[in-house]
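Colleague: Let us walk through a model together. I want to learn how to read its features.

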Amino acid sequence: MKKIWVWSITAALAGFLFGFDTVVISGADKKLQALWNSSDAFHGIVVVGMALWGTVVGALFGGIPTNKIGRKKTLIWIGILYTISALGSAFANDPITFAVFRFIGGLGVGASTIAAPAYISEIAPAKDRGKLVGLYQFNIVFGILIAFFSNYLLNGIGENAWRWMVGVEAIPAVLYTIFVLTVPKSPRWLITKFRNDEAQKVLQLINPDQNPEKMMLDIKDEMQNTVPQETIFIKKYRFPLILAFSIAFFNQLSGINAFLYYAPRIMTEAGLAESSALLSSIGIGIINILFTLLGIYLIDRVGRKQLMYAGSIGYIVSLSLVACAFFLDWQGIAMPIFLFLFIAAHAIGQGTVIWVFISEIFPNHLRGSGQSFGSSVHWILAAAVPSLIPVLFSTIGAGVVFAFFAFMMVLQLLFVAFVMPETKGVSLENMQELLSTKKK
């Protein structure tokens, strides 16, 4: 079991780079807009938003290398993309060059949301799968915390502080790429490629106390119920497709990425000074990591649905309070408290559950494609929503935006109550039987 933890943590480090890359731009946000004299629309869509559009492309097409060359090789290429992006962004001298290198980093983010959860879910025993895949989310929020902290420390070092903010990511990117070379290939992926001898050796490493031949037979039995060349879009997989779409859709319609990208801007809109806003951002990172740890601790104990219930209710309360703060002009300490509550709700609910859930609900031979579909929905919305934030704030106002997010979380609560199945403790090979029963 110790080896599985080490390999899972290593693969999950892709999440650290995801979190760091996603949020590091928040510290350079206003500086870059002033430096290049960009309009709100150009800044939101190109300078900030281009990384998100790269993520969309990475999510749309990341399932191809994940299935073709394997989970491990895809994770290695992800590390290379992050390294190129960090160094290129740091040395950029104009907004277009900066956006191109941020786009490359986005490719890594999008592909990591497919390859890392798929890899971990395929080496993890069913009873521990939630917390092991949850390590990916923990690393995301750890990366977010370190990015906020890094931005705060580097903020006052001069005119080129933004270059250090985005460039420092190259250090963990290189280390991650080296570490991921040491993990074995996914045994389930090897079996789908008929490389049974290699798969048996990996299964023996994963669980030396269990008969690897029996485990291989279980995996092969699941494959025998499949049709060659089938896709996730046939009628047979409609319910998992609906589940993946819904959880990804609601994840972004909570406003989480809009908030993470523009945390300091939202704080200053609410009346905090710039230094206080950056400091509050560190508080956000700490709350995020603490409640993610709690979610990881609970996910295999109370299940996925209970965490989603808690998160949905927390979302509704916190987003309603944030909207009221803007409508009624509540200034000072109230806004950071409401936003901390929002982050806690996200961390223990959607943050912990989404990548675990999507990695569970598709069969082995289609997991990369299913993960790609769910990630694509997530990232298309994650690109669209934050890109619109500067314009929406300056036109309809922040209060209306957060009120809309609160309404969408009421709909998420209904989805959890009436549609979402509980997948806790179910083996990947038995998952389709569970989903068929739930559908009926």
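Colleague: Which residue lies over the face of Tyr297?

Modeller: A charge sits over a ring if NZ of Lys or CZ of Arg is within 6 Å of the ring centre and within 35 degrees of the ring normal. Here Arg301 lies over the face of Tyr297, 3.9 Å from the ring centre. This is a predicted model: local features need pLDDT of at least 70, side-chain atom pairs count only at pLDDT 80 or more, and totals for chains, interfaces and linings use all residues. Residues are numbered from 1 along each chain as its sequence is written, and side-chain values use heavy atoms, without hydrogens and water.

Colleague: How many aromatic pairs does a search of the whole structure find?

Modeller: Rings of Phe, Tyr and Trp (its six-membered ring) pair if their centres lie within 6.5 Å; planes under 30 degrees apart are stacked, over 60 edge-to-face, the rest tilted. The search finds 18 pairs. One of them, Phe249 with Phe250, is edge-to-face, at 5.3 Å centre to centre and 75° between the planes. Phe404 and Phe405 have ring centres 6.2 Å apart and planes at 50°, so that pair is tilted. Phe404 and Phe405 also belong to one aromatic cluster with Phe326, Phe393 and Phe402.

Colleague: Are Phe404 and Phe405 buried or partly exposed?

Modeller: Buried means under 20% relative accessible area, exposed over 50%, partly exposed in between (1.4 Å probe, protein chains only). Phe404 has 42%, so Phe404 is partly exposed. Phe405 has 4%, so Phe405 is buried. In the other pair, Phe249 is partly exposed at 24%, and Phe250 is buried at 10%.
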